[in-house]
Amino acid sequence: MRTGRLLLFLGAAIAALLVFELITLCLLWRRAGKQVSVSRSWITIAARDRPPARFIWSGTAKQALPADSRLRFRLEGETGVLRLRIDGTEAVAAWDSGAGREAILARTDRWSPLKSGEVLHIAKSPGWLGVFRGNERVLAGPCPAERFSSGVWQFSGPRGPESASGAAPLDVRFQKTVPPYFADDFMHGEGALGEWQVVSGDWTVSALDNPIRSANAFSFWGRGKSALATVGYWFWRNYQVTCSVHPLDPVRFGVLLCYADNGQAYRLDWEGPSEKGARGRLRLVKTGGASETVLAEVPMGFVRAQWYRVKVRQFEGVLQVWIDDVPVLAAVDSVPLLGGRFGLWSQGGGGVVFDDVELAPSTGFALRFPVAAKEWPLFLRPVAAAEQSSATNGLDLSAVGGRLDAVVPLLDSVAFRVGCAGLNTLRGKLELEVRRGGGERRVFFRVAPAPGGGGSRAEIGEAGVAGGVRKSVPLPHLASTAELSLHADGAAAWACVDDRIVAWISGLHVLRPGACGLAAPEGAAGLRIRRLEVSPQQPLPEIENWVETFAHEESMQAWGDPESEWLPRKEMDGRTAFWHRSDFWNDFSARLDLGTSSAGAATWGLVLAGGDPETVASRCWLAARRQGAGAVLSLDVTGEPRREKKFAGPVSRIALGRRQGRLVILADGVPVWEGPLPEFLLGLVRIGRFGGTPSQAWARAVHIGALGVRTWSFKQAPADWAPATGVWEVTNRWQCDPRWSFFAGVKRGGPACIWNKRLHGENVTLEFFAGPKMDMARGRRYEYAADLNAVICADGVNIDSGYSFMLGGWNDTGSYLVRGRDVLARASWAVIPRSGSTHHRWFYIKFRKAGNRLTVWLDGKKVADREDPRPLTGRHLGLWTWDNGMMVAQVRVSTDSALVPAAVLEKRPGTPETPYAKKR
């Protein structure tokens, strides 16, 4: 009995073991079969662990691939897999987030197998994937901006890998890419071209005889029947280029972007006026070897021997062109180029001189609507397919499903601007959002009618985190046409209507780069989008205050050394403040880097005055002082309670500024206080600094950025200036020592006049340093010195249309403030000494118009102060002299406008009428 049970138990155990082994063998067989099947169906061409955020992974076909061959590309991410499948006539990019959830990112059914020698490029950047055949894009789409752990290329032929004789059908190379940067002022050795490669024509670096003692002594001259020089690499992508151009006598000239060895490129082609008087034309051309396609064209000529500043931007097929900061051309290429080198070119005649080349990444775009459906850039993704509308006043958002996304890889700082029409018809909410990554996290700005009617409300906040709406404020009645913008910079964000801040928040979570989006409200049938712009949030441009070439020369330190820009004044509370000599009419930011500059001071900081410190008492003091291991920051504004904030640790930099109608205070880049501007800081502002010992170190520790301020020390080509009469060039001042060169205008027997190409606002301050050019043929003690003059509020044609200040006017009988030809004020003591003391002297002139008041200072002393009951309204300014040579070392203009450029110069200004209407 027991034996039988034992045998039964052993039999059952053996049977169970046999079943287990059978199941195991089946599983192993199935797994092995699957592995064998994979190895028979796919071969790995290339693999890589932890690929960088930006790369181009390329494969060159060794032979023509069969029609039914397959390629696939895969990147393993943090939350999913990025896949590219190429099968027959179809290519699909998809994002697989697991559990069968696959989202199609892009698709094309116009694929054909690779030919022998053809190159396939996979271009990856944060949040973006592009597929290129040769140099042209065939597929593109957004993808999550996350890190990837591995990547692989695989291939399968019609009968598995044996169809390719067991070998990979592609030669694969991997190229890490970084945002491209390049700059060249052509300060090269004699005969050296630096990184430039001559493709055709004759290229030389031109230099002055003594370039060491000149601010701008070098340039790049190309001439010949067809001259082309290039710089860069095949993998440079999405960049913008600016350069100064000086056409001597060419037939055509321009620049090339994305230049490839096969001749493919984008070419800016500027053709000059014809001998028969035809105007000339500017074109954007896509070249493809023997073929060319004109993407955009506009009639436009140029002036020979005139400097221009050319800027061209290319971002994923969106091309934009500016001449002297005037937008002149825009186009969208539906089949954009991968990238490539940058080139300068000239055709025929005496050629072109190039200078000041700067190349930087393009990280944004600007687009005006309506846009033809075929011209929609692929990074602009509507929810629904956009229909080509006949409307001329913008895009109806209902045509794109009520939502539009701009999938542009950006930094943490972003500005998203939307130009709208029909805002007064708004019946629901309109939302702008930035930094939207995965999930619902994003920064938003909403505009909606206020509950119960009567105006609108603005909301700003951060979705996807606790708190949501951070600030809600009432808005005045919205005009029909307005620009809404949302800005995010680090942990701060602010919303604007027509460039005025309406709401500000700080303490945001720092999100990864992501998309910008625009959501349309229901019932906003009359709303139209006219313009869409996405760009990095830029700091205010820092004013130039340093010309290293001349700073060590004592006679030139007044304009070559930043310490000379600060003027001391004893304040009412006993402190000594050092005031910057310039005026600030527009937004500004002053930052003080603490450290060695504050050595020996108990308290140090920045101060603002609403006008000249000598005549106004209102102040805004931002002070920092040490307290143990930490610091205390205090803000004292005239008429307001004192504010203080304590920090547990040290503070390394403080800043204050005026930004879009608000006063903003920061410590180590983090907002501390923000609020409406005090009334006394709404107009002209002066900036000061206190604490520490005056020195070059602390002068360099203060950094001022400002809108509406430009400084020309002529270290770059004078592309912002248009000579009317006389010869204006970089030349020597002293015949006895011709080594020193500066910008100058010279003419005997009449006026030498040069106009600035930018328009100033209603209020303006012009500062410049000038001296007479030595002319020993006319006397050795400057017996001829006269007329170091400037004009503001003019029409850009005649000097006597504006206000002129004339140092040494009317044969050096004094200094004159003139309205047209009428003398408003004369200072007989303010003359140019006709003696040896003038030899190394530079005269500092400050000329201000504030409303109807005109004030002039010479070397810090007031020489004229008058009111004009009928102030002139011209917006042009210029420099001029009469029957003399005028050396100019530095010019600075500050105004309450953005110093916008005038129209592109197509003909040279004529001889101007001057206050010297009759012969002297």
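**Note on the predicted model**

1. In strand β48, Gly-605 has Phe-690 as its bridge partner. Strands β41 (residues 603-609) and β48 (residues 686-690) run antiparallel and are joined by five bridges; two strands pair if DSSP finds at least two bridges between them. Strands (E, at least two residues) are DSSP runs, numbered from the N terminus.

2. The model is predicted, so local features need pLDDT of at least 70 and side-chain atom pairs count only at pLDDT 80 or more, while totals for chains, interfaces and linings use all residues. Residues are numbered from 1 along each chain as its sequence is written, and side-chain values use heavy atoms, with hydrogens and water left out.

3. The order β38-β39-β48-β41-β42-β43-β44 describes an open sheet of seven strands with antiparallel pairing. Because β38 (566-570) and β44 (643-647) each have a single partner strand, one side of each lacks a neighbour in the sheet.

4. Arg-107 lies in strand β6 (residues 102-108) and is partly exposed, at 48% relative accessible area. The side chains of Arg-107 and Glu-90 are joined by a polar contact of 2.9 Å (a pair of N or O atoms within 3.5 Å; within protein, one must be able to donate a hydrogen and the other to accept it, and residues adjacent in sequence count only if both atoms are side-chain atoms).

Definitions and conventions. Helix = DSSP H or I, 4+ residues; strand = E, 2+ residues; numbered from the N terminus. Buried < 20%, exposed > 50% of the residue type's maximum accessible area, 1.4 Å probe, protein only.
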